[in-house]
Amino acid sequence: MGGTFDILHIGHEALLDAAFALGGEVFIGLTTDAMARQTRPVVNPFAIRKRGLESWLKRRGYVAARIGPIEDPYGPAAHDPFDAIVVSADRELVAVKLNEARQRRGLPPLAIHTVPMALAQDDAPIASRRIRSGEIDRRGRLLRLLRVNVGSANPVKVRAVANVFRQVSRKPPRVKGVRVASRVADQPFEDHAIEGAINRAKEAIRGADYGVGIEAGLFWNALIQDYLDVQYCAIVDKAGRVTLGHGPGFVYPPAVIADVKAGRTVGDAMSELTGRRAIGRTTGAVGYLTEGRMDRTKLTEAAVLMAMIPRIRKNLYRGRTRSAVK
């Protein structure tokens, strides 16, 4: 295994633990200062990085280790008789290329053990540069406010997202609505609602940690021979990963569905039925239909929370460490 190991963090620790779990001697390739500076403007000197590694290995009780300098991505693994290589998920392709180089030399390929990236509180990978800049600590905890952009100017959606993120964040998040295009019809049906939510999330993220898109649509249910209104939420992070969830579904009065089939939106049809303009920006249709027992804010919160589940229980949804020979 190899790396720069500039500021040791839990991602490094997971990688090292995975290597020693395989048994046998572990060679740790430590990039030289010249190689490290090719990809980062500031880095601790080689001697300091090596001492940090040695200190951590000693505390962990890992004695079967050898640290050596490397000046290229492959190091001695390109020509020496190693058995396996341990890499983080973002370096798996390097390991594949390394095996190709070994095979050209007539050497057997290494078993590739890929370790999932350790994610910070904002679901972006933990990295030494982020620690150095004061953005996160070594455990991945954010040292600033979480930034969330909602792909809508509707105050109900923005409020619902803020409520959920306040529940799951260590610090109060900064949540704001931004105007974006859903790029689907004003009244979406079936998967177009999901597509619209994802489009909104991706358009909204910009410089934030998360982009959130919310889109309601009508979904046909063959068992009851009617449409269910279901609100979907998509959440995208800076790595481009999308998580999805939806809230409760309910059936509209027949007159509303007839208007929708005639080309109107649910919002317009419900406004005419209730006499309340822009009902979607207040209690929503569900508030009227349930006589106040549920409003659109609560309905939206349910969808947002469902989309957050893989980000709350990260350890259960993260890709498992896997072994492969490539």
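## Salt bridges, a helix and a patch

Let's start with Glu100, which counts as partly exposed because its relative accessibility is 34% (buried means under 20% relative accessible area, exposed over 50%, and partly exposed in between, with a 1.4 Å probe and protein chains only). Before going on, a word on what you're looking at: this is a predicted model, in which local features need pLDDT of at least 70, side-chain atom pairs count only at pLDDT 80 or more, and totals for chains, interfaces and linings use all residues. Residues are numbered from 1 along each chain as its sequence is written, and side-chain values use heavy atoms, with hydrogens and water left out.

So who does Glu100 pair up with? Its side chain meets that of Lys97 in a salt bridge, 4.0 Å from N to O. A salt bridge here is a side-chain nitrogen of Lys or Arg within 4 Å of a carboxyl oxygen of Asp or Glu. Lys97 is partly exposed too, with a relative accessible area of 38%. Helices (H or I, at least four residues) and strands (E, at least two) are DSSP runs, numbered from the N terminus. An α-helix has 3.6 residues a turn, so residues three or four places apart point the same way.

Take Asp6 and Arg132, whose closest N and O atoms are 2.5 Å apart. Asp6 lies in the loop between strand 1 (2–3) and helix 1, while Arg132 is in helix 5, so this pair ties together parts that are 126 residues apart in sequence. Asp6 is buried, at 7% relative accessible area, whereas Arg132 is partly exposed, at 35%.

Now look at Asp122, which meets Arg144 in a salt bridge (3.9 Å, N to O). This one links distant parts of the chain: Asp122 is in the loop between strand 5 and helix 5, and Arg144 is in the loop between helix 5 and strand 6, 22 residues apart. Asp122 counts as buried, with 0% relative accessibility. Salt bridges that share partners join Asp122, Arg130, Glu135, Arg144, Arg147, Asp209 and Lys238 into one network.

Glu135, a member of that network, lies in the loop between helix 5 and strand 6 (147–150). It counts as buried because its relative accessibility is 18%. Its side chain makes a polar contact with the side chain of Arg144 at 2.8 Å (a pair of N or O atoms within 3.5 Å; within protein, one must be able to donate a hydrogen and the other to accept it, and residues adjacent in sequence count only if both atoms are side-chain atoms).

Next stop, helix 1 (residues 10–21). Its twelve residues reach 16 Å from first C-alpha to last, close to the 16 Å expected at 1.5 Å a residue (that span is 1.5 Å times one less than the number of residues). Which of its residues are buried? They are Gly11, His12, Glu13, Leu15, Leu16, Ala19 and Phe20. These pack against several elements, including strand 2 (26–31), helix 3 (46–60) and helix 5 (128–132). After helix 1 comes Gly23, with a positive phi near 85 degrees.

Finally, there's Tyr317, which lies in helix 12 and counts as partly exposed because its relative accessibility is 45%.

Conventions. Contact means heavy atoms within 4.5 Å.
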